[in-house]
Structure formats: structure tokens, C-alpha cells
Amino acid sequence: MLGSTYAMIAIAFTLLLGVLNMFNFAVGEVFMLGAVFGLTFVHMGLPLSVALPLAMICTGIACLVIERFSFKPFRNAPPLVPLVSTIGFSIFFQNVAVNLWGSERSQFPQWMEPINFHIGPVLISSTQLVILGFAVCLMVALDLFIQRTRLGRGMRTVAENLETASILGVDSRLIILMTFFGSGAIAGAGGILFGLSFSIVSPFMGMDPGIKGIASMIVGGMGNVRGAIVGGMFIGIIEVLSVAYIGSSARDFAVYGLVFLALLLRPQGILGVIQPEKERI
Amino acid sequence: MDTLPKEEEALKDTPLLTLKGTNKKFGGLVAVDNLSLKISEGYIYGLIGPNGAGKTTIFNLITGVYPCTSGSILLEDADLTPLKPYRIARLGISRTFQTIRLFPSMSTWEHVLIGQNFLSRSRIGEILPVRRTQGSTLRAQAEEALRILGLWEVRDRKAVTLPYGSQRKVEIARAIAAQPKLLLLDEPSAGMNIRETKELLSVISKIHDLGITILVIEHDMRVVMGICDHIVVLNFGRKIAEGTPMEIRQNEEVLEAYLGKEG
Amino acid sequence: MSSYQLDLFSSLGINILLALSVYCPMATGQLSIGNAGFMAIGAYVSAMLTVHVHLPLFPSLIIGGIAAAIIGVLFGFPALRLKGIFLAMATLCFGEIVRNFFMNFLQPLTGGAYGFRGIGDVPISISWIWGWVALSLVFFFFLSRSRLGLALMATHDDETVSELIGINIVFLKVAAFGVGAFIAGVAGGLYAHYYLYIEPEFFNVWESIFIALYVIMGGMLTYWGPVLGASIFTLLPEFLRFLQDWRGAFFGVVIIGLMIARPSGLVTREMLRIDFWIPYRKRRKP
């Protein structure tokens with residue numbers, strides 16, 4: 001459902017932030033590109049099972065472009081600079097999408113017979129459950145990848161300290177590129193899944209989920225994948241519940257209000273760690 | 001062991017700075033262990049000890065960067081422990097840092113001005129242009145601070161572009177601009193060659209002549225033995241010895257703790 | 001001057017004010033991407049005052065600004081414990097909360113999501129806007145040369161050391177938020193009374209983000225940076241009309257390129273000193 005979408009964006013975002021300290025504001029737009037590419041491939045006649053991975057590759061590449069211009073030139077600059085650069089990418093991608101695909105909304109063709117059922121006041125379709133399942137598999141796979149494989153360990157080493165990682169024999173350049181690619185692929189996958197799940201594809205679809213995805217990561221705990229998942233689910237649930245109980249107009253109010261409170265009361269997030277006391281003087 | 005030099009002359013009722021049973025724990029690590037200390041006005045004190053002995057931590061406790069786990073710190077009669085750092089600074093305690101911390105966007109002159117900022121009394125005065133003779137006493141004080149440290153010539157240069165030794169002096173100038181009662185110097189001679197160290201000694205002496213009490217953390221024994229009236233030795237957060245340079249030079253425990261340092 | 005050009009210059013004036021409103025907290029090292037929220041507060045409060053209470057413009061603007069400033073100060077205190085990205089996120093949430101507030105509440109007074117129409121019959125003269133711009137620039141001029149300005153620079157450079165030399169950084173940081181909010185609130189009021197129509201959608205996240213961009217790209221270290229940033233970003237689109245629909249993409253590229261070419265923004269502190277502009281040969285050797 002919604003939560004897993006936010007979680008996927010949060011993960012894509014967290015990968016870059018946690019491993020490379022890189023704040024990718026354009027993650028919402030990469031998400032959007034995933035859906036847009038996916039739809040294009042489907043319209044070209046490709047089956048969904050091909051369109052999905054293909055779109056993920058495309059968004060991975062898009063993220064590599066971001067790496068080239070927003071990360072590589074800025075080894076020593078303050079973190080604000082890459083952030084602003086990715087804002088530029090965000091604007092760029094959105095505008096390109098509007099021009100190439102039109103600002104109309106479209107949707108994926110029906111690919112499955114939905115069975116609807118209710119849990120409490122909430123309406124869920126079987127389509128959404130399948131997608132949720134897929135998203136969960138993806139997330140679990142990523143988690144295992146980072147924890148168990150050699151490349152995953154390399155990522156964690158780079159996360160600790162970029163310079164030392166090279167000295168220890170980790171190919172940082174590869175890791176960096178892989179992280180960006182992976183982040184893009186995951187965001188793109190999220191986009192397609194979202195498009196399938198909610199039948200909406202438009203160049204503007206990335207704005208709102210993008211911000212909420214970033215918020216999910218902050219609420220869930222900075223810089224670790226599990227925190228991103230928890231945060232995403234949390235925000236997704238809050239949003240759905242507030243629509244159900246209060247009404248859709250107050251939905252954003254509730255979500256942002258809660259994120260705000262969360263930041264004030266528990267800034268390190270649900271799974272985060274409290275930063276060590278003060279700096280060394 | 002609390003013998004103070006020239007006791008007959010130092011007949012103040014309250015010492016300038018008192019630490020009583022001060023403790024600082026970081027989680028399980030004890031950084032400062034039940035430390036008691038009296039600093040009398042007008043003297044130069046040295047704080048020495050091996051690395052990690054807790055010296056800078058004490059500075060941080062005095063200036064309010066860290067709260068004490070227990071114990072108290074008094075400036076004359078005022079309890080410093082509950083106060084925020086800026087209040088402690090305004091009461092008359094200034095410091096320098098182990099790694100030089102200047103303001104990257106300011107010139108030397110501006111560093112001295114900002115050092116004495118809180119002295120400017122009137123609220124309105126705070127928003128009037130500085131270049132005017134507004135608060136001419138303060139400007140005179142600022143100028144004096146620069147001249148004592150030999151920085152008057154480079155007052156308009158961006159402080160971070162100066163050579164290392166001069167940067168250290170700018171840090172000191174900033175600290176004395178407000179004519180503090182107590183000046184804390186954290187390894188001022190770090191990274192200095194012999195000529196610069198000699199210059200430093202004369203600077204500290206001139207500051208002392210202004211009536212400012214000085215507490216110096218140092219590793220360079222030439223500085224410590226050459227200029228301190230009284231020395232406190234720390235190890236593992238505890239005071240292991242205290243006395244005049246002569247006494248410390250001959251102290252067994254100190255020599256053991258240092259192993260190989262020239263006395 | 002045609003009415004189109006008039007509108008353009010009013011936009012410019014308001015954007016300069018907004019940029020300065022973000023510059024304030026940024027000068028103490030606090031990034032705020034929620035200032036559209038303060039602008040909204042100022043806009044709605046002053047509009048409600050002139051329309052429902054029939055208060056004259058000047059006091060309405062002031063009260064709108066003060067309302068925003070009070071909220072700004074209230075926000076400033078808890079904001080103290082948030083650093084960097086967390087603070088930015090909190091300001092973003094704040095902006096959205098304000099926008100949603102005006103969308104869902106006070107409907108009878110403000111028209112809610114449908115917008116507030118008929119704020120006065122005649123738009124205010126453009127000199128109101130530029131009067132406030134001039135006033136603000138004078139304020140920042142004096143501030144930059146004063147001891148208070150020096151304290152702000154110190155806080156921005158190194159908070160910990162600033163505290164240790166006697167600067168009350170709590171006061172400075174909260175006050176910076178409050179003053180920034182005031183300026184944004186006044187800008188909002190001016191906007192409302194010039195365009196005669198406001199709706200919550202105007203004060204969205206992207207608005208806040210653009211305002212922050214004006215400052216970051218124009219130069220964060222002096223008050224002329226935001227002015228230049230706002231000017232370029234307001235006026236540039238006019239010269240890019242030929243790009244039509246691709247303006248956005250071009251914009252994005254400009255931002256990306258500018259960050260690579262000049263990461264500290266266009267205007268630096270050095271540029272404000274006369275001798276920056278004198279050719280090297282003529283400068284006296286230090």
C-alpha cells in the first residue's frame with residue numbers, strides 16, 4: 001500500500017544518505033520516472049515482467065547522471081551544495097517529463113482481476129496486496145544484500161569512512177556507482193508499483209511521495225534501511241488512517257503535523273541512535 | 001599539598017576559582033575524578049599531565065561546555081555549574097582551544113571586536129555602526145589587545161590567512177579583548193618552533209602584567225617551568241601532585257607518570 | 001511602464017523581501033524552507049484585518065508581520081535543538097501545516113481552499129512594496145556594520161566558540177527566526193493587497209524551496225546575495241520566453257551548473273569591499 005511506497009522511496013534515499021552522506025532531493029522525480037518509463041514500455045508492447053526491470057535500469061541510469069553532476073564534483077563542499085544541485089535535477093526531470101509525456105494523467109492497463117476487501121474502515125484490493133508483497137520482497141532482498149554479500153559489506157565500509165575504505169581495498173568508485181544505481185532502481189521500482197497500485201501516472205506524481213518518503217526516513221531513523229522501512233510504514237499507516245477517520249482534506253495536515261512532532265520529540269527517529277554528546281573541543 | 005606560593009601576599013578570602021570534588025563521567029568512562037583545586041588571583045598556573053589525563057575536559061567543565069556529573073565549580077562566590085557557557089564567559093572567563101578555532105569570515109580586528117562584544121552595554125549601541133567612535137573605551141581596549149600581541153599591522157587581514165603562530169595569537173587576542181579575570185590557554189605552544197615559543201612566553205608574561213590570572217595546559221616543559229608560578233599535575237582524571245615548579249620537578253610520581261619527559 | 005512590467009517589478013520586490021526573510025535565519029546557520037508558511041500567515045491575517053475589520057493597510061501589514069513573527073519565535077525555540085537537515089525538514093513540515101491550516105480552517109473568513117477574493121478594490125501602489133524593500137535594505141545595511149551583525153557572523157561561523165566568548169546564541173537564533181518571519185509576513189501582506197486574491201495553494205513547498213534557492217545561489221554570506229538571487233530568478237524567465245515549455249528544464253540545468261561553477265553563491269563578502277574591484281596592480285602591498 002501507500003506505506004510501502006514511502007518505504008521504498010525512503011530506502012532509495014537512505015542508501016545515498018547513509019552510505020555516501022548524499023542528500024538526493026530528486027528521489028521523488030526518479031520515482032516518477034520509473035512509472036513513466038514503465039508505462040512507455042508497456043505501451044510499446046512489452047509485457048509487465050520485462051517493462052518493470054527495464055524501467056528500473058533506466059532509473060538507475062538516471063541516478064548515475066545525478067551522481068556525475070551532483071556528487072562527483074563536490075568532494076569537499078558543504079552538504080548544502082549537492083542538495084541544491086539535486087533540487088535542480090528535480091526541476092529538470094519534472095519539466096522534461098512534462099514535455100516528453102504530457103502533463104495529463106494516464107494509467108497502467110488492467111493487468112489483474114482485483115478482489116476488494118475491507119480491513120476496518122480501509123479498502124484494500126488484492127492488486128495492492130500483490131504489489132505490497134513484491135515491495136516487501138525487494139526490501140528484504142536489499143537488506144540481506146547489505147548484510148551478507150561482499151559488496152554489501154563494501155557499502156557499509158564506505159559508509160563508515162570513504163577514505164579508509166579505499167585503503168582497505170574496497171573499490172570505492174564501484175561502490176559509489178552501485179549505490180547510486182541501486183538507489184535509482186529502487187525508487188523507479190517504487191514508482192511503477194505505485195502506478196500499478198493506484199492507477200496514476202503523471203509527471204507530478206513524484207512530488208508529494210518524494211517529500212513524504214524523505215520524511216519517512218527521518219522519522220524512521222536516519223541512514224539505515226530498516227529505519228526507512230519502519231518510517232515508511234508508519235507514515236503510510238498514519239495517512240491512510242487519517243483519511244479514514246478524519247477525511248481526506250486533513251490528511252496532509254495530520255501527516256505533516258505528526259512528522260513535525262516526531263522531529264521535535266524524537267529527532268533521531270524510531271530506530272535511530274542518539275548522537276554522541278557534543279563535539280570534541 | 002595545597003601550598004600556594006607567596007602565601008603572605010595572597011591573603012584573599014576567596015580564591016578566584018575553586019573546584020570542589022568535581023567529577024565528570026562519560027557513560028562508563030571517568031574523565032575527571034574527584035578533583036579539587038584552588039586558583040588564586042594574579043598568578044600563572046600550569047596544568048600538566050599525559051595525554052588523556054582530563055586536562056581539556058576540565059577546561060570544558062569550567063567554561064560550561066559539559067555539565068559536571070557531580071561537584072561544584074565556583075568563580076569567587078558564584079556557582080558556575082548551572083550556568084550556560086555564554087554566561088560563564090560574561091562573568092570573566094575566556095579560553096583558547098587545542099586546535100585553533102578562528103572565525104573564517106572575520107579579519108583580525110573583527111576577532112578582537114567580537115571578543116569584547118558583550119561588554120558593549122547599550123542595546124542601541126549594538127546596532128549602530130562599529131566604525132564610529134561609539135564606545136571609544138572599547139575600541140581602545142581592542143587596540144591594546146592587538147598591540148600587546150603584535151597584531152596591529154595585520155588587523156585588516158582575514159585571520160585564517162595568517163601564519164600558524166599568528167593565528168594562535170589572534171585566538172589569544174580574542175580571548176583577552178574583554179579583559180577577563182581568568183584566561184584558560186589550551187596547549188598554546190602546540191605546533192610552534194623555538195622562536196615562536198619564546199614570543200609566546202613573553203606574550204603570556206605581558207598578559208599576566210595586565211592582572212589577568214592564567215591557567216595553561218601545556219606539554220612543552222620549557223613553557224611550564226619557565227613561566228608558571230604553580231603547577232597541578234593530573235593523571236587519569238585525578239590530581240597526583242601540586243606545587244611549585246621546583247617541587248614538581250623532583251616529584252617521584254610525576255616523573256613516573258611522564259616517563260622520559262625533560263623536567 | 002506597462003501593467004505587465006509593473007506586475008513583474010512587484011513580483012521582484014516581494015521576492016527580494018522573501019529572500020531576505022530566509023537570509024535572516026540562514027545568517028545564523030539555520031536553513032528554513034518553510035517561509036511560505038510565514039508569508040501565508042502575514043497574507044491571511046492582514047487580508048482579514050483590512051476586509052473584515054476595515055483596518056487601514058499599514059497597521060494591517062504590521063500586525064500580519066507580527067503575527068508571523070510570534071509564530072516564528074514560538075517555532076524558533078524548539079528548532080534550536082534541530083540541526084541541519086532535521087531543521088530544514090521541520091520547517092518544511094511547518095510550512096505545509098500552515099498551508100493545510102488555511103485550507104481547512106477559518107473557511108467563513110478566508111474562503112478556505114477556494115481562496116480569499118476581493119482583498120480591497122484596488123491594488124496597492126507598487127511603491128508600498130518597494131518602500132518596504134528599501135526599509136529592509138537599510139535595516140540590513142546597519143545590521144551588517146554593527147556589533148550585532150558581527151555576533152551573527154560569529155554564530156554562523158562557529159556556534160560553540162561564539163557561545164564561549166559570551167554571545168547568547170539562543171537569543172540570536174530565535175530572534176533571527178522571528179525577524180525573518182516578520183519580513184515574510186509583511187511580504188505576504190503586500191502580496192495579498194497587490195494581487196487582491198490569495199489561496200493556500202500559493203504558499204506551497206516549492207515556493208519555500210525557491211525562496212531558499214534565491215539565497216543559496218545568490219550568496220548566503222551577505223544580504224546582497226539574496227537580492228541578486230531573487231532578481232535573477234525573477235527576471236531571468238522573462239528573457240527565456242523563447243524556451244517556452246522548456247524553461248523548467250533550463251532552470252534545472254542553471255541550478256546544477258551554478259552549483260558546480262560557484263558553490264558558495266554569486267555574491268561573496270569580498271565583493272563588498274571596494275578593493276575587490278580595483279585591478280590588482282593598483283592595490284597597495286599589505
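The model is predicted. Chain A has 11 helices and 2 strands, chain B has 10 helices and 10 strands, and chain C has 12 helices and 0 strands.

**Chain A**

- Read from the N terminus, the elements of chain A follow the order α-α-α-α-β-β-α-α-α-α-α-α-α.
- Chain A has 281 residues, and 51% of them count as buried.
- Take the contacts in chain A between residues at least 6 apart in sequence: 73% of these join residues at least 24 apart.

**Chain B**

- Chain B has 263 residues, of which 43% count as buried.
- Among contacts in chain B with a separation of 6 or more, 68% are between residues 24 or more positions apart.

**Chain C**

- From the N terminus on, the order of elements in chain C is α-α-α-α-α-α-α-α-α-α-α-α.
- The C-alpha trace of chain C spans about 65 × 50 × 35 Å along its principal axes.
- A compact globule of 286 residues would have a radius of gyration near 19 Å, and the value for chain C, 19 Å, agrees with this.
- Of the 286 residues in chain C, 54% are buried.
- Residues 24 or more positions apart make 80% of the contacts in chain C that have a separation of 6 or more.

**Where chain A meets chain C**

- On this interface, 34 residues of chain A are in contact with 31 residues of chain C.
- Four elements of chain A each give two or more residues to the side that touches chain C: α3 (48–71), α4 (80–101), α9 (207–220) and α11 (251–265).
- The largest share of that side of chain A comes from α4(A), with 13 residues.
- By class, the residues on the side of chain A that touches chain C are 24 nonpolar, 8 polar and 2 charged.

**A helix pair in chain A**

- Helix α3(A) packs with helix α8 (residues 172–198) of chain A; the angle is about 135° and the axes are 7 Å apart.
- An angle counts as roughly antiparallel only when it is over 145 degrees, and as roughly perpendicular from 65 to 115. The two helices α3(A) and α8(A) are therefore oblique to each other.
- The crossing in which α3(A) passes α8(A) is right-handed.
- Residues of α3(A) in this contact include A:L52, A:A55, A:M56 and A:T59, and those of α8(A) include A:I176, A:L177, A:F180 and A:G184.
- The contact of α3(A) with α8(A) has 17 nonpolar residues, 5 polar and 1 charged.

**A buried helix in chain B**

- Helix α3 (residues 108–115) of chain B is largely enclosed by the rest of the structure, because 8 of its 8 residues are buried.
- These buried residues of α3(B) are B:T108, B:W109, B:E110, B:H111, B:V112, B:L113, B:I114 and B:G115.
- What do the buried residues of α3(B) pack against? Their partners are α5 (136–148) and α6 (164–176) of chain B, together with α7 (147–157) of chain C.

**B:L102, a loop residue**

- B:L102 sits in the loop between β6 (93–95) and α3 of chain B.
- Is B:L102 buried or exposed? B:L102 has 21 other C-beta atoms within 10 Å, so it is buried; the cut-off for a buried residue is 20 or more.
- B:L102 and B:A159 are 57 residues apart along the chain, yet their C-alpha atoms are separated by 7.2 Å.
- Apart from neighbours within four places in sequence, B:L102 is in contact with B:H111, B:A159, B:V160, B:Q167, B:V170 and B:E171. B:H111 is also one of the buried residues of α3(B).

- B:N34 is not a glycine, but its phi is positive, at about 50°.
- B:N34 lies in strand β2 (residues 29–39) of chain B. With 14 C-beta neighbours inside 10 Å, B:N34 counts as partly exposed.
- B:Q179, a residue other than glycine, has a positive phi near 45°.
- B:Q179 is in the loop between α6 and β7 (182–186) of chain B. There are 17 C-beta neighbours inside 10 Å of B:Q179, so it counts as partly exposed.

Terms used. Residues numbered from 1 in each chain as written. Chains lettered and ligands numbered in written order. Predicted model: local features only at pLDDT ≥ 70, side-chain atom pairs only at ≥ 80, totals over all residues. Contact = placed C-beta atoms within 7 Å. Nonpolar A, V, L, I, M, F, W, Y, C, P; charged D, E, K, R; others polar. Buried ≥ 20, exposed ≤ 12 C-beta atoms within 10 Å, placed from the backbone. Rg over C-alpha atoms; globule rule 2.2 N^0.38 Å. Axes fitted to C-alpha atoms, helices over the stretch in contact; angles between N-to-C directions. Parallel < 35°, antiparallel > 145°, perpendicular 65-115°, else oblique. Left-handed = near helix turned anticlockwise from the far one by under 90°.
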